[in-house]
Amino acid sequence: MQHWLAHISLFLTLIGLSCSNEGVDAYSPTPSSLKIPPLFQEKILNPILPSDNPQTVEGITLGKKLFFDPLLSGDNTQACADCHMAKNAFTDTRRFSEGIDGSMGTRNSMPLFNLAWNYDEKFFWDGRVFSLEHQAFQPVTDPGEMKSTWVQVVQKLEQHPEYPVLFRRAFGQSSIDSILVTRAIAQFERTLISSNSKFDKFLMGKSTLTVEEQNGFDVFMDENRGDCFHCHGSDNNPLWTDNLFHNNGLDETFTDLGLGKFTGDPADNGKFKTPSLRNLAFTAPYMHDGRFTTLEDVINHYSEGLKHSPTIDPLMKKVAQGGVQLSAQDKADLKAFLLSLSDFEFVINPDFNTQ
Amino acid sequence: MNRKVCILLVLLSLLSCHTDSDDKISNVTISFHFSHLWDGTPVTNEDFNDIKFTIENGERLSIERLRYLISDLTFTNPNGDVWVIDAYNLVDVTNAENLTFSPESSIPGGVYSNVSFTFGLKNEKNMDGVYPDLNSTSWNVPQILGGGYHYMQFDGKFLTNTNVEQGYNYHAIRAVDNSGDQITYPQDTFIIVNLGPVTLINNAMFQIEMNIAEWFKNPNTWDLSSLNQMLMPNPTAQIMMYENGQNVFSLKSVESSP
């Protein structure tokens, strides 16, 4: 009898030790599914979520901390959030992004939202990178941006008092590498969902448009006037972009080849990604090079300012006349409609801010 | 006793198999592959972005974007029985995507007096905003033009009579007249493309050809100098597209597929 009691007691002790060890080392991240807005759920395909980087509470928390941490830059002065500010729908107000040494880039910082619905997963103005995870690799080492090296970044993170624990919670390992950094940042970025503009509420029957906004929407959808919908979508596509690449008639010759530089195909020269029209109230200046400071400038461009080039998109109307020749009233109303796509809740969402 | 039961079961099972093979008509799967020609010359996306094609009216043009929707593969047997594969496919020549459409549904093998598909969507299926995949690729038609979806987006540039490049947007939709207070539909403009009789014994791949030049040719010689852009709100242009589209598609062959 004593013999059996000894065995049972040893068995229970081992179980106890085993449980105790699990309490220290267990990797059990909490799944955190994306909150898909009702309109998105109803109207468009599901978001792209890579199977090798599932959304977790711990991964998103880590990604958010990294996004706002200047530690990722070469001299610890610049975070992702410096060029992608929440109050500006995760872009900034400058024409070109400024690197840590004061050097200026050649592109306008892109706003960040609804990134998981970029179905082709081509990122940057020129689409040169596939997947959100891979996108996050580039700014850290770009000499014109954060100008760091991944060796330096990993070293700083490993020596940090908090990060090793956060990485272990998120990914089950305290050894840190660039892949895990970018995975965490991508998880956070996928949570940046904007879906509560006035126009969204109108579509859900919770708001009404003014006469000007309604006429502006009609201008947007009218092939004889704005014809914006072919590239920017419609009330049936809450992304307000086709996420494709077009030459929208900005220049006769190109100093920046855009997509063409990446593909090497001259037919792609001067093509840049269609930006979403959400949140324009916060994202000036506009275009890939930030050349237009106001929405009036943008509308005037399509109305009278189009320039012909070999790769101009055939969807650009009346190029020989400079554009679609909108009336002053239609221009004003189109602007009113475009501003109704701005999501004021998104830019103050505490989940997306450091506070 | 046990041995007798076993033999009986084996016999029954053999008889059962025999009966199955005699009485059941085996189903076959169907695929439609779309290839594209310009009056007999093959066209792929590698031919795009180059002003190299000449239309019946004489204008030279390039193709920069070509995608179109087909739906409702329909099989009618000599008894008048009809099988409809209720699905659609957005053929994207620009990106060489969905050139082959292989719906999941199968149909009974046998003799069919006609096979057809719909270019575009029949009106009852052309409902506004109901197909998330088509919404996601911005294939919609504005509600001020009746809503629903495009049938085709065919864009490029042509040379005007002063040798200047000018964009064209040959976009086919349901013809609509929105010039009055109420939207009206002068006539249907989806196209039923009849491919003729076929006998299907095995899984089959239908090789369909689109002669792109035909869109500009017959019965309406298309004048790009006057009909180039803003054609969606133009019901006359839409009806002309419908008329010219009657002989755009043809069946090249039906091949057995695995």
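Author: Two residues are in contact if their C-beta atoms, placed from the backbone, lie within 7 Å. Helices (H or I, at least four residues) and strands (E, at least two) are DSSP runs, numbered from the N terminus. This is a predicted model, in which local features need pLDDT of at least 70, side-chain atom pairs count only at pLDDT 80 or more, and totals for chains, interfaces and linings use all residues. Residues are numbered from 1 along each chain as its sequence is written, while chains are lettered from A and ligands numbered from 1 in the order in which they are written.

The pair consists of α11 (residues 211–221) of chain A and α15 (328–339) of chain A. From α11(A), the residues A:Glu212, A:Glu213, A:Asn215, A:Gly216, A:Phe217, A:Val219 and A:Phe220 take part. They meet A:Asp330, A:Ala332, A:Asp333, A:Leu334, A:Lys335, A:Ala336, A:Phe337 and A:Leu338 of α15(A). By class, this contact has eight nonpolar, two polar and five charged residues; Ala, Val, Leu, Ile, Met, Phe, Trp, Tyr, Cys and Pro count as nonpolar, Asp, Glu, Lys and Arg as charged, and the others, Gly among them, as polar.

Two packed helices are described by the angle between their axes and the distance between the axes. Here the axes of α11(A) and α15(A) come within 7 Å and cross at roughly 100 degrees, the axes being lines fitted to C-alpha atoms, for helices over the stretch in contact, with angles from 0 to 180 degrees between N-to-C directions. The two helices are therefore roughly perpendicular to each other, a term that covers angles of 65 to 115 degrees.

Helix α15(A) also belongs to what covers the buried residues of α14(A). In α14 (residues 295–304) of chain A, the buried residues include A:Val298, A:Ile299, A:His301, A:Tyr302 and A:Ser303. A residue is buried if 20 or more other C-beta atoms lie within 10 Å of its own.

Chain A as a whole has 15 helices and four strands, and 46% of its 355 residues are buried. Its mean pLDDT, the predictor's confidence in each residue from 0 to 100, is 93, and 92% of the residues score at least 70. Over residues 10–24 of chain A, however, the pLDDT is below 50, and this stretch has zero contacts in the model beyond near neighbours in sequence.

Conventions
A residue is buried if 20 or more other C-beta atoms lie within 10 Å of its own, exposed if 12 or fewer, and partly exposed in between; C-beta atoms are placed from the backbone. Angles under 35 degrees count as roughly parallel, over 145 as roughly antiparallel, 65 to 115 as roughly perpendicular and the rest as oblique.
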